[in-house]
Amino acid sequence: ASLGDKVDYLVVAGGGGGGSSVGAGGGGAGGYQTATGFTVTSSGYTITVGGGGTSTVNGGDSIFSTITGNGGGGGGNWQASGKNGGCGGGGGRPLAGTGNQGANGGLGADATGSNINGGGGGGGATGNGVAGATSTCGAGGAGSSSSITGSAVTRAGGGGGGFFGPG
């Protein structure tokens, strides 16, 4: 593109790392930022691609010009909260993270007195993570479809929660 041209952009940050224990929450998707009509004002832009988070750690931010996609929230271990981020991390039990550029994580199952529970799913770009239940894990939230590359591709889906129960 030349100076003054208008371009479309899509910035997706790194996803959060899921919890590392049984019954842990899934990682939240990286923040999803897209628009049309961005005016090119420079002959070169620095681009940062955020990496995915490790266990319970938020993903890295992705940056293009002044547009930042926030890293996804890390999922909580069992009995720990998911973290806030681009999309919220799923809770291990029963707290979940909040998304600031996407959806929230799902709650972990509150299986008091039971040894069977599922962690909440991480939030996605367009859908909240599903809450865990006493017998199932929560699914990750839905991503968002974009045809910016010429073909429709869904990106930024949340991670599924883990399970804690008899093996």
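**Exercise 1.** Is phenylalanine 64 buried, partly exposed or exposed?

*Solution.* Start with the scale: buried means under 20% relative accessible area, exposed over 50%, and partly exposed in between (1.4 Å probe, protein chains only). Phenylalanine 64 has a relative accessible area of 14%. Phenylalanine 64 is therefore buried.

A note on the source: this is a predicted model, where local features need pLDDT of at least 70, side-chain atom pairs count only at pLDDT 80 or more, and totals for chains, interfaces and linings use all residues. Residues are numbered from 1 along each chain as its sequence is written, and side-chain values use heavy atoms, leaving out hydrogens and water.

**Exercise 2.** Classify the aromatic pair of tyrosine 9 and phenylalanine 38.

*Solution.* Step one is the rule. Rings of Phe, Tyr and Trp (its six-membered ring) pair if their centres lie within 6.5 Å; planes under 30 degrees apart count as stacked, over 60 as edge-to-face and the rest as tilted. The structure holds five aromatic pairs. In one of them, tyrosine 9 and phenylalanine 38 lie 5.9 Å centre to centre, with 85 degrees between the planes. That pair is edge-to-face.

Step two is location. Strands (E, at least two residues) are DSSP runs, numbered from the N terminus. Tyrosine 9 sits in strand E1 (residues 6-12) and phenylalanine 38 in strand E2 (residues 32-39), 29 residues apart. The pair links distant parts of the chain.

Step three is burial. Tyrosine 9 is buried at 15% relative accessibility. Phenylalanine 38 is buried too, with a relative accessible area of 15%.

**Exercise 3.** Why is the pair of tyrosine 45 and phenylalanine 64 called tilted?

*Solution.* The ring centres are 5.2 Å apart and the planes stand at 55 degrees, so the pair is tilted. Tyrosine 45 lies in the loop between E2 and strand E3 (47-48), while phenylalanine 64 is in strand E4 (residues 62-64). The two are 19 residues apart. Tyrosine 45 is partly exposed, at 26% relative accessible area.

Terms used. Helices (H or I, at least four residues) and strands (E, at least two) are DSSP runs, numbered from the N terminus.
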